[in-house]
Every structure is written in structure tokens, then in C-alpha cells.
Amino acid sequence: MADAAIEVNSESLEGIFVDSGKALTNTMVDDLKSIKTNQKYTFKVESQERDLLLFEFLEKLVIEKDANQMLFSEFEVKINQTDKKFIVSAIAYGEHIDYDRHELCADVKAVTLHKFSLTQEKENWKAEMILDI
Amino acid sequence: MNDIINIVKKKSDTIWEIPADYKQGMNVPVRIYATKQLLKLMDHQVIDQITNVATLPGIINYAYTMPDAHSGYGFPIGGVAAMDLKEGVISPGGIGFDINCGMRLVLTNLTHNDVKPKLRELVDQLYNKVPAGVGGAGFVKINKSEFRDITEMGSTWCVENGYGWEEDLENTEESGIMKGASAEKVSDVAIKRGLKQIGTLGSGNHYLEIQVVKPEYIFDEKAAKTVGIFPNQVVIMFHCGSRGFGHQVATDYLKKFLGVMESKYNIKILDRELACAPFQSQEGQDYFSAMQCAINMSFVNRQTILHRIREVFSKVFKTEPEKLGLSMVYDVAHNTAKVEEHEVDGKNRKMIIHRKGATRAFGPGRSEIPLKYRNIGQPVIIGGSMETGSYLLLGTKEAHKETFASTAHGSGRIMSRTKAKRMFRGETLYKDMLKKGIYVKSVSYSGLAEEAGDAYKDIDDVVDATVNAKISKRVVRFIPIGNVKG
């Protein structure tokens, strides 16, 4: 129970990625608007499974937070599919943690596979995840 | 009230069993160590998870839960599973993401009266010197190559680099170094995540606390004397782990295991978080080695935090740390897997024991215990919530027979963080604690609310259960007076 449960709904798969990224950051910072978007982090992740693609995408953000003290509040996401895998090309916009300006909450230590799901029902995509904090 | 009581079979007032025919695929029965009261507080997921653990290949005797058990990812927290070295598996989920999360207890020769006038200064300085919360970076500036050394050398690196005393090694589980660690088995990403995190607390339930020994809470005077505890003494206890580094090691191998588990080893599991590989397989051995790197990193994290504590006390009291008696009692890990030898059916047998949110509790006589504790048993440090108190216990001979020498690790949550935030206001809690004589410094009020005492099981109930089940012996209970919360 040392965790935060998140549910994200969107009309597009890209929207799921963008909103999941925002939800992850929002778990750590109370006000997303307090994060300036003057730095960008461009990255790509691949996976054979669509849900694991989301998992890997979010994991990248956790790694940047620990390795470079970066927080991101805006995202551009493109998803491509080949025969064998899914590929996400992303740009995350944000800045370094500022202990004066950012009201920090819980530190996300990991995205977990516990009850992790990404599903599509008609026009709606839905992701559920539990963050270890 | 839950329905667990209808599922379990009573073996004694503190031992309950779920037979192996409860769920298809269970290889062994489950043993739950808890009082009836704690059993009623247990969430049903603990039962789902521990019965899943019982299906893992090579599991020996039982899948166990300790009295502070609550649901985790895959394995419950407070879960113990011993696997056969040849037939068994190793599972990152059975160790926990925060590899070698653990507790360290440090003595002082100061009394409550000595510390009272300096308490705020001490807590404020500790807060400044030991970074906590989101993205906190530590004071130890190292490059990747030095970080790799740390993961292989453990606390010996600290002593060589002026961050520890020789005696600290003896008072750390495994003498602060896991010798099977090989940095080659760790990803570059994991190193990148951990590089700036040496000497940091983290967040969540991680904390650094100044505590007092009330005379009425010394339960075993002889043992207390042996470990250096006296009435009204001030001690320091802290709880943290391998930070992002350990998490990355666990995640890296969880993904690797998911890729080979079924296709290569024909192992089917009931939850992706139970991903595992045969212990003797290349993947299993690689993880075992990488996991030991994370154990070492965590020992170093706690050792460098101790160095900062010594600096702070020395500065505030204007005396060298040696003269303030800032010696360690012990450092215990509660998220590990280790190869140990235990008796099974009258014969000694080596096994890989997963303890997730469970503390090793060797009884008197074991050669792994420092000489000075060998006659009394291994110190076991149980962290309570920041409002209630913590314990020093000892391992027992009975624990070897009962739980492969394992016991509880803390009080165990009964309320989710979200619910705790709804129920308690951080600012009110801060003021209430101040009235009780506890000065707390936290990164955020919301984080404080999540850690309210009522969000946890009663630490006394948990400890009573371990004592009544004879898997631990009570030595002393500590009362918090100052707290730095991650």
C-alpha cells in the first residue's frame, strides 16, 4: 500500500501516454503549472507489447528524475507500429527540480506491473497503474 | 471484518495455516504469524499473494507471512519464502524493489536532558545534511567507476574513504559487503539512477529519528547492557534503502525474467510481479549478483548517512563523535535474498531465502552474528510509525525452526496513502506531535499525513505477536522525540 493508483482515460493512445506522464509528475509535484517547460528531453522506447510500451515510457521519466533531477509537465508523443513492435517517439518538456518553486509530494520510486493495464473499449482508451512511492 | 479467519486453520494463538489444497498449483501450505486481532486487520490480497508465492518452484516447507504483513507487488510485504538451491527460483518480487531497504540503530552517550535543549537544532541540521524527498542528491560526489566500486565493496569502501569506522563493519549484517556482487551485471541506467543518491533518505516511509530509552521500556536489562543501552539514553534510528539504483536493478531483471520464464524455463506464474528464474540459471545467477550490488549500495547509503549524523552531532555538541559514543548497535536488511543453511527434516540444507519486508533473526550461536552478540542473538530493529515508537528485538533459536530465522520488520500499513491523506491533515499532525514532544521536519505536510500513526498497525501488537510466536525476544522500546521524514 506504499503506492499511488492512477487511472487515465483518453480518446487516443497518444493521449493516454501524455496524461499518464502528467499524472506521474503530478504525484510528485502538487501543481503541474509550477514546472517551467524550457528544457526538453527527446527519447524513444520500443516494446513488443503495447502495455509494456507505456510502462517503459513512464519508466524513462522516473529515471530522468533520479539521474538528472528533471520533472516534466508537457509531452509530445508519436506512436508507430511495425510487424514486431510498438515504438514511441516522445519529447518531454520540463525543468530541474526547484525546491523553492515546486511543492513536492511523494517521490515515485517505480512504475510497477502490479495491476498494470492498458485497454481499449470502442473509442476510449484506459490505462490503470500503480506507482511505488 | 475480513473473511481470512474462515480460510485459515489455527495452529496456535499466533500461528495460522492455509493448506496446500487451497489453490491449484500450491507446492506447500502457507503459515501466517499473527494474533487473531492482526489477522482481522490483514487485507485479503495478502492471502491471494502468499498463496501465489506457495506455487513457486522449489519452495521449502511453507510460504510465510510475518505479523506486519500487508499486500505488496507479487509477494506480500512481510513475506518469506525459502527456495531449494537446485530446484528453486529467485524472484525480484520476493525481495522488493527497494533492495536492502533496512534499519540502522546508533547509540549516543547522551541523555534526554542533554539533547532536549538542542533538539530543534539537531533535527534541522540533520534535515539539511541528509537529503530527503523527490530527487534529493547526496553529498558523496563520485563518478561511474567509483560507483561500480561501491557496488562491489559495500561499506568497506566507506571505511577506506573516511565515511566510517572499522567497528561499523562488524556491526553491519554481512559485515557490510556481499562478496558475490559483480558490477558487470548491473545496467548503465541503474548506475545513472543511483549515482547522485548516495547519502539520501528517499521518501515514503523512510525516516531518520532521534529516540529516547524510557526506563520502563527496557524489557531485558542484561541484553540491553550488552548492546550498550541505558535508561534515558538518546539513540538514533534510520530507515532507507538502495534508492533508484535498487529499483532499477529489480525492474531490469523483472523484465528479463518475463522474457525467458515461460519460453525457456516453462515456469508459469499467477502474477507478472512474481517473475522469476531458476536460481542456478544464467539469468538467475546474474540477478543474484546484481542484487548483491544493490545490497552493497544500500549499506553504503546508510553508512554515509551515519557519517553525516556523526558530523551533525559533533558540530552541535562541539565534541568529536567518538566522545559522544556514536557507535552502531547494528544494521539489518529487510528486503533481500540470501543463501543460508537451515535444518530441514533433521538435515542441514542450503537454501535461497527471500525476505521481503522481513528481518533475518538469527538466534544465539550463529557464526554470522558479531561476537559480542553471539550469546544473546542477532539484534533485530523494528521501525514503528513516527508517532508511536520502535523496538530492538533479538533473534531466537526457535525462529530457525519456525520461519527459517525470520521475523517482522515494522508495523505495517493498514491504510492506503490516499486514505491517510484524506483522514489526517499534515499541519494538524505536525502540531499534535509537537505537543507530544516530537519535533518533525518533513519535505511536505501531505507526506507527513501519509505517515500518521493511525495509518499503521499497532507496533506493540506486531511485536507481541513475534514474541508470543517465539520468533523474537523483546529488549527495548524507543520513543521518538525528533524525526526527519522523507
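User: Which residue is the bridge partner of B:Ala81 in β13(B)?
Analyst: This is a predicted model. Strand β5 (residues 77–84) of chain B pairs with strand β13 (residues 347–356) of chain B in the antiparallel sense, over six bridges. B:Val80 is bridged to B:Arg355 of β13(B). For B:Ala81, the partner in β13(B) is B:His354.

User: How many bridges join β12 of chain B to β13(B)?
Analyst: Strand β12 covers residues 335–344 of chain B and runs antiparallel to β13(B). One of the pairs sets B:Asn335 against B:Lys356 in β13(B). The number of bridges between the two strands is ten.

User: Which residue takes a positive phi in the hairpin of β12(B) and β13(B)?
Analyst: Two residues lie between the strands of this hairpin. The positive phi there is near 50 degrees, and the residue is B:Asp345.

User: Which strands stand at the edges of the open sheet in chain B?
Analyst: Seven strands of chain B form this open sheet, with mixed pairing. Their order is β1-β2-β3-β4-β5-β13-β12. An edge strand has a single partner, so one of its sides is left without a neighbour in the sheet. The edge strands of chain B are β1 (9–10) and β12.

User: Are α11(B) and α12(B) roughly parallel or roughly antiparallel to each other?
Analyst: Helix α11 (residues 243–260) of chain B packs on α12(B) with the axes 9 Å apart. The angle between them is about 170 degrees. Angles over 145 degrees count as roughly antiparallel. The two helices, α11(B) and α12(B), are therefore roughly antiparallel.

User: By class, how many residues in the contact of α11(B) with α12(B) are nonpolar, polar and charged?
Analyst: From α11(B), the contact includes B:Phe245, B:Gly246 and B:Tyr253. From α12(B), it includes B:Glu283, B:Tyr287 and B:Met297. By class, the counts are eleven nonpolar, three polar and three charged.

User: Is B:Phe317 buried or exposed?
Analyst: B:Phe317 belongs to helix α12 of chain B. Beyond four places in sequence, its contacts include B:Leu110, B:Val115 and B:Leu324. Buried means under 20% relative accessible area. B:Phe317 has 16%, so the residue is buried.

User: What distance separates B:Phe317 and B:Ile382 in space?
Analyst: The two residues are 65 residues apart in sequence. Taken C-alpha to C-alpha, the separation in space is 28 Å.

User: What is the relative accessibility of B:Ile191, and is this residue buried or exposed?
Analyst: B:Ile191 sits in helix α9 (residues 188–194) of chain B. Leaving aside neighbours within four places, it is in contact with B:Lys144, B:Phe147, B:Arg148, B:Val186 and B:Phe245. The cut-off for buried is under 20%. B:Ile191 therefore counts as buried, at a relative accessibility of 1%.

User: What separates the C-alpha atoms of B:Ile191 and B:Tyr330?
Analyst: Along the chain, the two are 139 residues apart. Their C-alpha atoms are separated by 27 Å.

Conventions. Residues numbered from 1 in each chain as written. Chains lettered and ligands numbered in written order. Predicted model: local features only at pLDDT ≥ 70, side-chain atom pairs only at ≥ 80, totals over all residues. Heavy atoms only, no water. Pairing = 2+ DSSP bridges. Helix = DSSP H or I, 4+ residues; strand = E, 2+ residues; numbered from the N terminus. Axes fitted to C-alpha atoms, helices over the stretch in contact; angles between N-to-C directions. Parallel < 35°, antiparallel > 145°, perpendicular 65-115°, else oblique. Contact = heavy atoms within 4.5 Å. Nonpolar A, V, L, I, M, F, W, Y, C, P; charged D, E, K, R; others polar. Buried < 20%, exposed > 50% of the residue type's maximum accessible area, 1.4 Å probe, protein only.
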